[in-house]
Amino acid sequence: MSDTRLTFKEMCARFDVTPRTLRYYEYIELLAPIREGRSRFYTQREVARMTLILRGRKFGFSLEEIRQWLLIYENEGNEAQLRVFLELADRQLDVLGEQYEQLGKTLEDLKDLRQEAGALMPK
């Protein structure tokens with residue numbers, strides 16, 4: 001790992017997040033930057049964690065699920081973390097699959113309704 005440290009501002013820019021978001025992730029203990037006076041510095045560990053946090057959010061995991069998942073790595077190691085990830089991923093795949101089906105039905109309903117409305121338009 002590199003000894004490179006990012007400032008608060010650099011971290012926000014790198015991940016395209018607001019300062020409020022970054023502070024909140026610290027508040028709920030997803031991130032733990034090094035503090036020197038009033039300055040915060042983010043190591044490669046925090047950069048990796050932020051990458052995982054944003055990836056988890058993209059896939060619909062809650063912040064609490066992500067926090068617990070990151071804690072598993074610290075407390076139990078990689079194998080336990082992977083096992084929990086597989087469970088979370090399976091559950092989320094089911095949820096997203098249901099949402100996908102519902103969205104497909106909604107699209108078809110809207111297309112049908114639009115076609116009916118179009119047919120009522122005077123020519």
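Is Glu 36 buried, partly exposed or exposed? With a relative accessible area of 40%, Glu 36 is partly exposed, because that class lies between buried (under 20% relative accessible area) and exposed (over 50%), using a 1.4 Å probe and protein chains only. Before we go on, please note that this is a predicted model, in which local features need pLDDT of at least 70, side-chain atom pairs count only at pLDDT 80 or more, and totals for chains, interfaces and linings use all residues. Residues are numbered from 1 along each chain as its sequence is written, and side-chain values use heavy atoms, leaving out hydrogens and water.

Let's stay with Glu 36 for a moment. Glu 36 belongs to strand β2 (residues 34-36); strands (E, at least two residues) and helices (H or I, at least four) are DSSP runs, numbered from the N terminus. Apart from neighbours within four places in sequence, Glu 36 is in contact with Arg 5 and Phe 41, where contact means heavy atoms within 4.5 Å. The side chains of Glu 36 and Arg 5 are joined by a polar contact of 2.8 Å. Such a contact is a pair of N or O atoms within 3.5 Å; within protein, one must be able to donate a hydrogen and the other to accept it, and residues adjacent in sequence count only if both atoms are side-chain atoms. Arg 5 also lies over the face of Phe 41, at 4.2 Å from the ring centre; the rule asks for NZ of Lys or CZ of Arg within 6 Å of the ring centre and within 35 degrees of the ring normal.

Now for the sheet. Three strands form an open sheet in the order β1-β3-β2, with antiparallel pairing, and β1 (6-7) and β2 are the edge strands, each pairing on one side only. Two strands pair if DSSP finds at least two bridges between them. β1 and strand β3 (residues 39-42) run antiparallel and are joined by two bridges. Phe 41 in β3 is the bridge partner of Thr 7.

Our next stop is helix α4 (residues 63-76), which holds Arg 67. Arg 67 is buried, at a relative accessible area of 19%. The side chain of Arg 67 makes a polar contact of 3.0 Å with the side chain of Glu 64. Not counting residues up to four places away in sequence, Arg 67 touches Ile 28, Glu 29 and Leu 30.
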